[in-house]
Each structure stands twice: as C-alpha cells, then as structure tokens.
Amino acid sequence: VRSNHSHQVLLVQRHKPDDFAKLMQIKPVVFWGTLSKIVSAINELDDGNYLILRDPNEQLLHIHSIPEDAFDGDFDDDDDGADME
C-alpha cells in the first residue's frame, strides 16, 4: 500500500567537504565552484519556494517554483498511485 505520509530515511552520511570531494573524485575547488553556481542561480530568483531536481539522464539541475503549501501534507490517502507517470 502506497502512502504519501509513510517514508523512512534509509541512510545519512556525513562527510567533511574535502573528504567528499575526494570521494567524488573531483578537486575541492571544482566542488565549491559548482555550489557557488547553484547558489548564484537561486539568488537571482524571486522570493518563494523552489524545488531543485536533478535530471537522471543528464548532468542538469532543474529549479521549479512551487506553491507555499506544496508540502503541507494535505494529500489524498486513498490514492493508489496508479495514475502516476
């Protein structure tokens, strides 16, 4: 049974920035440069709520404007998810 309210966190890992950059096999300067680009793109947007999604097939992030109440929890519990794409 699918539910919009029952989720579990499977794993949380903490890494120091330099260790994470080594793990991802990138130079720390590239890591911080990428983060800087993301923050700059967000700062150019109007105030509001946004959802950042990574495209699974490309090296691309999508930033979507969403309504303030998008995640307030007013979901239909009877939805079986059959019509989901």
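Gln-25 counts as exposed because its relative accessibility is 73%, where exposed means over 50% relative accessible area, buried under 20%, and partly exposed in between, with a 1.4 Å probe and protein chains only. Gln-25 lies in the loop between α1 and α2 (28–43), and although Gln-25 is not a glycine, its phi is positive, at about 60°. The model is a predicted one, in which local features need pLDDT of at least 70 and side-chain atom pairs count only at pLDDT 80 or more, while totals for chains, interfaces and linings use all residues. Residues are numbered from 1 along each chain as its sequence is written, and side-chain values use heavy atoms, with hydrogens and water left out.

**Overall layout**

- The chain has two helices and two strands, taken as DSSP runs numbered from the N terminus, with helices being H or I of at least four residues and strands E of at least two.
- Along the sequence, these elements follow the pattern α-α-β-β.
- Of the 85 residues of the chain, 6% count as buried.
- The accessible surface of the chain comes to about 8300 Å², and carbon and sulfur atoms account for 51% of it; accessible areas come from the Shrake-Rupley method with a 1.4 Å probe, and for residues only the protein chains shown count as cover.
- Among contacts between residues at least 6 apart in sequence, 20% join residues at least 24 apart, a contact being heavy atoms within 4.5 Å.

**The strand pair**

- Strands β1 and β2 run antiparallel and are joined by six bridges, and two strands pair if DSSP finds at least two bridges between them.
- A hairpin of six residues joins β1 to β2.
- Across this pair, Tyr-50 stands opposite Ser-65 in β2, and Leu-53 has His-62 in β2 as its bridge partner.

**Asp-55 in the loop between the strands**

- Asp-55 is placed in the loop between β1 (49–54) and β2 (61–66).
- Asp-55 is buried yet has no salt bridge, a salt bridge being a side-chain nitrogen of Lys or Arg within 4 Å of a carboxyl oxygen of Asp or Glu.
- The nearest side chain of opposite charge to Asp-55 is Arg-54, 6.9 Å away, where Lys and Arg count as positive, Asp and Glu as negative, and His and the chain ends are not counted.
- Leaving aside neighbours within four places in sequence, Asp-55 is in contact with Leu-60 and His-62.

- Leu-23 belongs to helix α1 (residues 17–23), and Leu-23 counts as exposed because its relative accessibility is 52%.
- Together with Met-24, Ile-26, Val-29 and Val-30, Leu-23 makes a nonpolar surface patch of about 470 Å².
- Patches are made of residues with over 30% relative accessible area and no salt bridge, with like charges joined within 9 Å and nonpolar side chains (Val, Leu, Ile, Met, Phe, Trp, Tyr) within 5 Å.

**Ile-42 in helix α2**

- Ile-42 is found in helix α2, and Ile-42 counts as partly exposed because its relative accessibility is 35%.
- Not counting residues up to four places away in sequence, Ile-42 touches Ile-52 and Ile-63.
- From C-alpha to C-alpha, Ile-42 and Ile-52 are 9.7 Å apart in space, and they are 10 residues apart in sequence.
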